[in-house]
Structure formats: structure tokens, C-alpha cells
Amino acid sequence: MSVSLDELVDAAEELVKFSATAMAISRLCNDDDAGMPDLVAAVEADVNFAINTLRIANSAAYLRGEPTASVAMAITRIGRRELGQMAFAAACMEGMGALEGKLLELNALWRDGMIIGGIARELCVLAPEAREYSFAAGMLHSIGTMVLSSQVPEQMRRVLEQSLDKDLPLHEAEEQALGFSNASLGGAMARRWNFPEPLAYAIEYQHNPEQAPEHKEVVGVLAIAAAVMEQSLSSDEFTRGDDSALLQMLDRLNLREKYEESEFDPTDLYERARESTLEAA
């Protein structure tokens, strides 16, 4: 039985309930009139979020000088805007626990998302405008996959088999079998839930970033981060050569020269992001 994109968005909307506390923190972070005391009080009121904020602030990605036990200092280190996006992503993570499926492990998807988000954050030297949304884009890039694996597991099992048998990227196998991909589903969900526009575009156009009509910086950084992770995890020497998927993506976005000038090493980017994720977990 076929299922439409709109039906899956409706099903997800019924199941997913976002954390009110995390959403409140996100709103405060993006409210220029909200003072630091109000924001600190909101973070400290949610013990788990406060602990995770301190862990992230003391991780390798943010640590400057001595470790801190101060929530206010942690917020300053991370930055209000970026913390707001982390809170937004955390609200989604908690809410989407209802989508746990047999086909894919939700925690593994979130872990990979955090790693991609960490890589994307570092890649913002290529596109500084993307920094505010880069980490959250990585964390939330697989929301469409979560819904598919939860709501239509048998169809997705066949899609995965087709992807492997025909050596097709998963999103292309999804397009052939379902008529849409996890990315287009994720983008539709993001718009239904009123995600910030840069996040919605990043999720929707992650596989074809050059086609994004707006917010190309965030979309591009996410696409490159995913390619960096794929290359770092691949044992196929071809993917590391002059025609690797990463270099192809950089060429599609006209960022190859800038990337090479920055002297990034894909494996090093991946390992640093993975280490930071483990420290913050």
C-alpha cells in the first residue's frame, strides 16, 4: 500500500509533542529583550538541559581556559543564538522519541546527527552566515528518515534493499519507490512545525544543495558535512581520491578552492566532532 508525503506529515504531527521547557529556552535565546538572568533561570529550571549545556560548554569545541560550572558562563561560551538552536533541536529530539522504529535506532541517528552538526559548525569558516543554524541542521537532518522507518518500516526495508542491490544513494531509492525522499519529507515536516526557514531549507535540500532557492550557506555546509562524514567512514579508496563524493560536492557548490585553502582533513574533522559528541553525551 502506498503512502503519501502529506499522510506521513500528518502522522508525525499527531505523534510528536515538543518539550515545552526546551522550546521556552529557545524562544528566550532568540529574544533580544530577554536578559541573561531570565535565560539562566530557564536553563537551570531544566536540570537535564542545564547539565548538557555545561557539558557542551566544557567540550573541546567550546572550552576556552578553565572548565566552568557556571550556567551563565556556559551560555556565553556557546552563544545565545547557537544555544537557542541547540534547545530547539533538543525539543525535537525529546518529542520524536515517539517515532522509535524497529528499522533504525533513534539514538544512533541522533548521535550521527550531532557529529554532522559538529563538522558543519567547523566548516562555517567557508560560510560564516551558516554558523547560527549549522549544528541544529546536522542534528535534525534525518527527521524524515525517522518518520519513514517508524511509519512504513516494511516499505523502507525494501527501499534499503534496493539501495544496496542497485548501489543507489538511499534518497534516490526512496524517490523511485515512494515518489519522495526522506529530505523532502523532512522539509515538509519542518514547515508544518514552523521551524526557522534556514533549517527547513537545509533539511529539504541537503542532497541537492545547489538547487536551494534560499539560505544556500546553511544548506551547503550541511551537505559538505555529510560528505565529510561519509568519506571519513568509507574504506573504499576511490571515495578518497580526486573524484571523491566530497570533492564532487565542493565542486557543485563552488567551494573546493576555499575548502582546500582552509587545509581541512576530513578524518580529523570527523574525529574531533565525534570526540565532542561523546564528551557532550
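The model is predicted; local features need pLDDT of at least 70, side-chain atom pairs count only at pLDDT 80 or more, and totals for chains, interfaces and linings use all residues. Residues are numbered from 1 along each chain as its sequence is written, and side-chain values use heavy atoms, with hydrogens and water left out. The protein has 17 helices and zero strands. These are DSSP runs, numbered from the N terminus (helices: H or I, at least four residues; strands: E, at least two).

**Overall shape**
- The radius of gyration is 19 Å, which agrees with the value near 19 Å for a compact globule of 281 residues. This radius is taken over C-alpha atoms, and the globule rule is 2.2 Å times the number of residues to the power 0.38.
- The C-alpha trace spans about 55 × 45 × 30 Å along its principal axes.
- Of the 281 residues, 51% are buried. Buried means under 20% relative accessible area, exposed over 50%, and partly exposed in between (1.4 Å probe, protein chains only).
- Among contacts between residues at least 6 apart in sequence, 64% join residues at least 24 apart. A contact means heavy atoms within 4.5 Å.

**Aromatic pairs**
- The whole structure holds five aromatic pairs. Rings of Phe, Tyr and Trp (its six-membered ring) pair if their centres lie within 6.5 Å; planes under 30 degrees apart count as stacked, over 60 as edge-to-face and the rest as tilted.
- F18 and W193 pair edge-to-face, at 5.1 Å centre to centre and 90° between the planes.
- F18 sits in the loop between α1 (5-15) and α2 (20-29), and W193 in the loop between α12 (182-192) and α13 (197-204), so this pair ties together parts that are 175 residues apart in sequence.
- F18 is partly exposed at 27% relative accessible area, whereas W193 is buried at 13%.
- W193 also pairs with F195; the centres are 6.1 Å apart and the planes at 40°, so this pair is tilted. Both W193 and F195 are buried.
- Ring pairs link F18, F88, W193 and F195 into a cluster.

**Charge over a ring**
- The charged end of R191 sits over the ring of Y201, 4.8 Å from its centre. The criterion is NZ of Lys or CZ of Arg within 6 Å of the ring centre and within 35 degrees of the ring normal.

**H141**
- H141 lies in the loop between α8 (131-140) and α9 (143-151). H141 is buried, at 12% relative accessibility.
- The side chain of H141 reaches the backbone oxygen of G138 at 2.6 Å.
- Leaving aside residues up to four places away in sequence, H141 touches G113, I116, I203, Q206 and L222.

**Cysteines**
- The structure has zero disulfides. A disulfide is a pair of cysteine sulfur atoms within 2.5 Å.
- For C92, the nearest cysteine sulfur is that of C29, 14 Å away. C92 is buried at 1% relative accessibility.
- For C124, the nearest cysteine sulfur is again that of C29, 18 Å away. C124 is buried at 5%.

**Positive phi**
- Most residues other than glycine have a negative phi.
- H215 has a positive phi, near 55°. H215 lies in the loop between α13 and α14 (216-233) and is partly exposed at 27%.
- E263 also has a positive phi, near 55°. E263 is in the loop between α16 (256-261) and α17 (266-280) and is exposed at 70%.

Technical notes: A polar contact is a pair of N or O atoms within 3.5 Å; within protein, one must be able to donate a hydrogen and the other to accept it, and residues adjacent in sequence count only if both atoms are side-chain atoms.
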